[in-house]
Amino acid sequence: MGVGTNIALMKPILLISKITCPECGFQKEETIPEYSCQFFYKCENCHKILKPKEGDCCVFCSYGSEKCPPKQKNATANKM
Ligand SMILES: [Zn+2]
């Protein structure tokens, strides 16, 4: 039962996310803009424009290996 405060678990915010195209499976590392969410992303391989899934704020949340900075902060805060 959680009584502890997990101050030691501050995770650094990652600003590189590997985006996986849902259409062709192509993967590319992209820099996440720290202060704005990226809504559109064009796949270099099949040139399909990716948009966030419902409930996600940006393409990194939907298709990236790392979510956008605000989400990463929330995830850290909500963990325990
Ligand atoms: Zn693609």
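Helices (H or I, at least four residues) and strands (E, at least two) are DSSP runs, numbered from the N terminus. With that in hand, colour the protein chain by secondary structure: from the N terminus on, its elements run β-β-β-β-α-α, which comes to 2 helices and 4 strands.

Before you click further, please keep in mind that this is a predicted model, where local features need pLDDT of at least 70, side-chain atom pairs count only at pLDDT 80 or more, and totals for chains, interfaces and linings use all residues. Residues are numbered from 1 along each chain as its sequence is written.

**Stop one: strands 1 and 2**

Select residues 16–20, which form strand 1, and residues 27–31, which form strand 2. Two strands pair if DSSP finds at least two bridges between them; here the two pair in the antiparallel sense over 5 bridges.

Now look at the side chains of strand 1. In a regular strand the side chains alternate between the two faces of the sheet. Ser17 and Ile19 are on the covered face of strand 1, while Ile16, Lys18 and Thr20 are on the uncovered one.

Follow the hairpin from strand 1 to strand 2, with 6 residues between the strands, and pick out glycine 25, whose phi is positive, near 85°.

**Stop two: the loop at histidine 47**

Move on to the loop between strand 3 (41–42) and strand 4 (49–50), where you will find histidine 47. Its phi is near 65°, a positive value in a residue other than glycine. Is histidine 47 buried or exposed? A residue is buried if 20 or more other C-beta atoms lie within 10 Å of its own, exposed if 12 or fewer, and partly exposed in between, with C-beta atoms placed from the backbone. Histidine 47 is exposed, because it has 10 other C-beta atoms within 10 Å. Across the protein chain, buried residues make up 19% of the 80 residues.

**Stop three: the nonpolar core**

Select Ile19, Ile32, Tyr41, Cys58, Val59, Phe60, Cys61, Tyr63 and Cys68, the 9 residues of the largest nonpolar core. Such a core is a set of buried Ala, Val, Leu, Ile, Met, Phe, Trp, Tyr and Cys residues joined through C-beta atoms within 7 Å. Helix 1 gives the largest share of this core, 4 residues.

Zoom in on valine 59, found in helix 1. Valine 59 is buried, because 24 other C-beta atoms lie within 10 Å. Two residues are in contact if their C-beta atoms, placed from the backbone, lie within 7 Å. Not counting residues up to four places away in sequence, valine 59 touches Ile19, Gln38, Phe39, Phe40, Tyr41, Leu50, Pro52 and Gly64. Draw a C-alpha to C-alpha distance from valine 59 to glutamine 38: these residues are 21 apart in sequence and 6.1 Å apart in space.

**Stop four: serine 62**

Stay in helix 1 (residues 59–63) and select serine 62. It is partly exposed, because 19 other C-beta atoms lie within 10 Å. Leaving aside neighbours within four places in sequence, serine 62 is in contact with Pro52, Lys53 and Asp56.
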